[in-house]
Amino acid sequence: MINKAFKIAVIGMGYVGLPLARLFATKYPVVGFDINESRIDKLNKGIDETHEIETALLNKVIVTNLEYGNGLLCSHIEEDLKDCNVYIITVPTPVDKSNTPDFSYLQSASEIVGKVLKESDIVVYESTVYPGATEEICVPILEKKSGFTLNQEFFVGYSPERINPGDKVHTVEKILKVTSGSSPAAAKQIDQLYASVIEAGTYLASSIKVAEAAKVIENSQRDINIAFVNELSKIFNLMGIDTKEVLKTAGTKWNFLPFTPGLVGGHCIGVDPYYLAQRAKEFGYHPEIILAGRRLNDSMGEFVASEVVKLMIQKNIHIKEAEVLVLGITFKENCPDVRNTRVVDVIEQLKEFQTSVTVYDPVANAEGIDQNSQIELTQQLPNKKYDAVVLAVAHTAFLELNIQSLLKDGGVIYDVKGVLDAKIIDGRL
């Protein structure tokens with residue numbers, strides 16, 4: 001490999017790609033590519049609908065061309081990629097309705113890059129995959145489209161994303177970055193590239209497969225731990241014991257892990273374990289703990305809804321056509337992302353009980369909600385009272401609400417997140 005001036009292309013301008021592209025653009029010329037023209041148009045105006053990058057910070061790096069130095073050129077035109085020599089792919093890797101890994105975005109991105117690939121170019125994948133996917137799924141596409149051979153004319157690497165959406169403290173440059181490469185020289189160069197912008201430093205993994213595996217178990221580990229406390233919540237609820245108080249008390253021991261019960265959604269924790277499980281099955285192993293944790297966590301929406309209905313019955317509230325207000329639909333607090341949100345499970349189950357459900361979320365990206373779900377979403381606080389109010393997401397705006405003022409006399413308040421004053425609630429996880 002030869003040392004050269006880097007011109008970077010980041011493929012996918014979402015929650016992962018934009019912060020990374022913005023960071024690299026402070027030191028390098030960067031093309032931020034996305035097939036979503038509307039997204040690109042708004043970014044060029046300094047508007048980030050994911051709320052990850054503030055307008056002032058984005059405008060500092062946005063440029064209309066890259067002829068005069070560093071900066072971020074946002075584009076949906078493939079031709080703008082041809083002069084780049086490092087391609088970083090940050091597209092989503094979701095699961096389908098049967099929880100099977102969906103590589104379609106990754107494959108499409110690989111085809112786009114393969115068409116513009118040149119000798120000595122580097123392609124780095126950040127999307128979550130199972131161990132072996134980069135070399136077995138992505139590299140063949142790059143080779144076919146470019147006519148080149150890996151580690152002869154081009155090189156690849158894997159550097160798993162560690163973006164935490166909505167977190168303004170642990171931003172991309174402040175989180176240690178794992179890197180890897182298809183050859184020792186490529187690995188070193190990729191590591192040095194990331195190290196030039198990541199303040200927290202880098203960790204060079206011994207191989208691409210090790211880096212892929214490390215990423216997929218980071219979230220699988222959290223998923224299993226949350227499943228454990230979710231199960232505890234179900235058990236202690238039957239016993240009439242406050243789970244939050246139990247965890248607080250157990251947490252006085254120095255090595256007790258601080259996990260809390262809740263709905264497990266989003267594009268990482270609720271998805272990544274299925275990638276590892278799928279790969280394990282291909283090797284003839286049926287994972288038990290991983291899938292048991294997924295089943296348990298996927299059952300929590302139904303559990304929450306049933307608990308709310310039980311509380312309503314105890315207060316002699318007629319369930320059919322009872323009015324329920326759900327506060328929040330995003331997968332986490334202060335973040336507009338609704339992908340794979342498990343609040344939907346709560347809503348659907350409440351509807352199964354024939355209640356009338358309204359969802360209030362001033363933060364959510366309404367366009368991301370499945371239009372077939374028939375979810376009644378409002379981004380203005382309703383001027384009415386409800387038989388039950390369910391706090392599903394701990395947005396800052398909700399913590400400042402007088403939730404009791406939204407309730408009919410004798411109504412129910414249920415706290416999924418365990419953040420409300422215990423004196424005003426009727427139940428919580």
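## Ground rules

This is a predicted model, so to speak of local features pLDDT must be at least 70, side-chain atom pairs count only at pLDDT 80 or more, and totals for chains, interfaces and linings use all residues. Residues are numbered from 1 along each chain as its sequence is written, and side-chain values use heavy atoms, with hydrogens and water left out.

## The sheet that starts with β3

Let's begin with an open sheet of six strands, in the order β3-β2-β1-β4-β5-β6, paired in parallel. Strands here are DSSP E runs of at least two residues, helices are H or I runs of at least four, and both are numbered from the N terminus. Two strands pair if DSSP finds at least two bridges between them. β3 (71–75) and β6 (154–158) are at the edges with a single partner strand each, so one side of each has no neighbour in the sheet. On average, neighbouring strands are turned by 20 degrees against each other, direction ignored; axes are lines fitted to C-alpha atoms (for helices, over the stretch in contact), and angles run from 0 to 180 degrees between N-to-C directions.

Strand β2 (residues 29–33) runs parallel to β3, and five bridges join them. In that pairing, F33 sits opposite S75 of β3. Helix α5 (residues 133–146) packs on the sheet, where it touches β5 (121–125) and β6, and its direction makes about 150 degrees with that of β6. Contact means heavy atoms within 4.5 Å.

## The sheet that starts with β11

Another open sheet of six strands has the order β11-β10-β9-β12-β13-β14, again with parallel pairing. Its edge strands are β11 (377–378) and β14 (427–428); each has a single partner strand, so one side of each lacks a neighbour in the sheet. β9 and strand β12 (residues 386–391) run parallel, joined by four bridges, and L327 has L391 of β12 as its bridge partner.

## Aromatic pairs

The whole structure holds six aromatic pairs (Phe, Tyr or six-membered Trp rings with centres within 6.5 Å; planes under 30 degrees apart are stacked, over 60 edge-to-face, the rest tilted). The rings of F103 and Y275 have centres 5.6 Å apart and planes at 90 degrees, so this pair is edge-to-face. F103 is in the loop between β4 (86–89) and α4 (104–116), while Y275 is in helix α9 (residues 272–282), 172 residues apart.

Buried or exposed, how does F103 count? F103 is buried, at 10% relative accessibility, and Y275 is buried at 0%. Buried means under 20% relative accessible area, exposed over 50%, and partly exposed in between (1.4 Å probe, protein chains only).

## Salt bridges

The count is 22 salt bridges, each a side-chain nitrogen of Lys or Arg within 4 Å of a carboxyl oxygen of Asp or Glu. E136 and R279 form one at 2.8 Å, N to O, linking helix α5 to helix α9 across 143 residues. E136 is partly exposed at 42%, whereas R279 is buried at 10%.

E323 and K408 form another at 3.5 Å, N to O. E323 is partly exposed at 22%, and K408 is partly exposed at 31%.

## Two positive phi angles

Most residues other than glycine have a negative phi. N340, not a glycine, has a positive phi of about 55 degrees, and lies in the loop between β9 (323–327) and α12 (343–352). Q354 has a phi near 65 degrees and lies in the loop between α12 and β10 (356–360).
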